[in-house]
Amino acid sequence: MALSLYVDTARWRAHQKSVIDQFPGLVPVCKGNGYGFGHERLADEAARFGADMLAVGTTYEAASIKDWFSGDLLVLTPFRRGEEPVPLPDRVVRSVSSVDGVHALVGARVVIECMSSMKRHGVREEELHQLHAAIEDVRLEGFALHLPLDRPDGTDAVEEVIAWMDRLRNARLPLHTMFVSHLRAEEQARLQQQFPQTRFRARIGTRLWLGDHEATEYRGAVLDVTRVAKGDRFGYRQQKAASDGWLVVVAGGTSHGVGLEAPKAMHGVMPRAKGVARAGLATVNRNLSPFVWAGKQRWFAEPPHMQVSILFVPADAQEPRVGDELVAHLRHTTTQFDRLVER
């Protein structure tokens with residue numbers, strides 16, 4: 001009895017191929033929890049479709065994944081002086097976002113991040129002239145731009161990349177490779193056409209692994225079902241049942257990521273209204289679970305536990321049975337499954 005991730009492998013891989021075909025030179029990204037699949041599985045997939053480079057989040061991830069992927073590993077978190085040293089092979093490429101960082105990585109393979117409109121990290125335009133001396137002591141693999149997902153001001157992602165290409169060219173810096181994130185296929189094609197001497201390589205994770213929502217599905221197995229009447233007390237806090245129904249114990253709790261949610265950026269009146277409504281219900285212990293039974297998302301009977309969640313299913317719905325599986329709408333990047341089932 002488990003929280004399971006079901007994967008339609010043929011469909012999942014067909015989607016991977018469609019993305020790879022759209023982005024020549026694509027660098028697959030495997031970071032965090034491996035987008036819900038795990039590092040080892042994604043490393044195997046990247047090797048299967050012939051990727052020569054795999055991007056990871058941290059040096060610690062690189063140290064783990066190096067045993068599962070034999071190609072180059074690009075660490076996306078920028079190098080900083082004083083960071084804890086992690087033993088890594090020469091095929092690891094470090095991102096660096098400062099001139100000082102380049103100076104500190106003598107002999108290393110590096111990708112230099114430029115400061116994009118994300119304003120997160122990167123070398124600034126006024127610092128480019130300082131890079132000439134710095135890159136003499138490293139093996140420069142290229143430059144990189146991490147771009148925003150949304151552009152509410154109407155700015156053009158391609159124009160932002162072009163502006164940086166012009167700055168780098170004017171600074172007489174090598175432009176053989178540019179790593180980019182969050183460009184559409186047609187945008188990358190435009191750039192490749194305008195700069196044929198530069199190889200554009202898209203770093204893609206979510207779109208590659210999770211772009212086809214129908215290829216994967218989480219399900220939690222029903223472990224126990226207990227009938228309750230209105231007013232019956234139950235659970236750790238001995239709350240009262242609001243009506244007749246069943247308490248359903250289902251596999252999947254906080255250790256799996258159930259009940260854990262990252263803040264969301266909300267745009268528009270309706271999403272904000274729904275957010276206010278959910279917050280209001282939570283103050284009276286009404287929290288909607290991610291589990292679906294009989295066509296409806298069911299309420300938590302109480303907060304989820306470590307390995308299981310307890311749901312309330314009202315008497316007017318079909319009674320769940322031990323061994324049934326409930327579809328669960330869970331975020332891949334925060335979920336840890338018990339087992340993966342290939343279909």
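**The nonpolar core and its surroundings**

Modeller: In this predicted model, the largest nonpolar core holds 90 residues, and the members that touch the most others are Phe37, Ile112, Leu131, Phe143 and Leu168. Helix 6, which spans residues 157–170, supplies the largest share of this core, namely seven residues. As general background, nonpolar side chains in soluble globular proteins tend to be buried together.

Taking Phe37 as an example, and setting aside neighbours within four places in sequence, its contacts include Leu5, Val7 and Trp12, as well as Trp209, Leu210, Phe337 and Leu340. Apart from this core there is a second, separate one of seven residues, among them Phe234, Ala241, Leu247 and Phe312.

The model also has an open sheet of eight strands, which run in the order 2-9-8-7-6-5-4-3 with parallel pairing. At its edges lie strand 2 (27–28) and strand 3 (53–56), each of which pairs on one side only. Within the sheet, strand 6 (residues 109–113) is joined to strand 7 (residues 139–146) in the parallel sense over five bridges, and Arg109 stands opposite Arg139 of strand 7. Helix 7 (residues 185–194) packs on the sheet, where it touches strand 8 (177–181) and strand 9 (199–204), and its direction makes about 160° with that of strand 9.

Finally, an unreviewed UniProt entry annotates residues 15–169 as "domain: Alanine racemase N-terminal", and over residues 15–169 the chain is 31% helix and 18% strand, with the end C-alpha atoms 36 Å apart.

Conventions:
Residues numbered from 1 in each chain as written. Predicted model: local features only at pLDDT ≥ 70, side-chain atom pairs only at ≥ 80, totals over all residues. Heavy atoms only, no water. Pairing = 2+ DSSP bridges. Helix = DSSP H or I, 4+ residues; strand = E, 2+ residues; numbered from the N terminus. Contact = heavy atoms within 4.5 Å. Axes fitted to C-alpha atoms, helices over the stretch in contact; angles between N-to-C directions. UniProt positions renumbered as here; feature names shortened; annotations may be inferred. Core = buried A, V, L, I, M, F, W, Y, C linked by side-chain atoms within 4.5 Å. Buried < 20%, exposed > 50% of the residue type's maximum accessible area, 1.4 Å probe, protein only.
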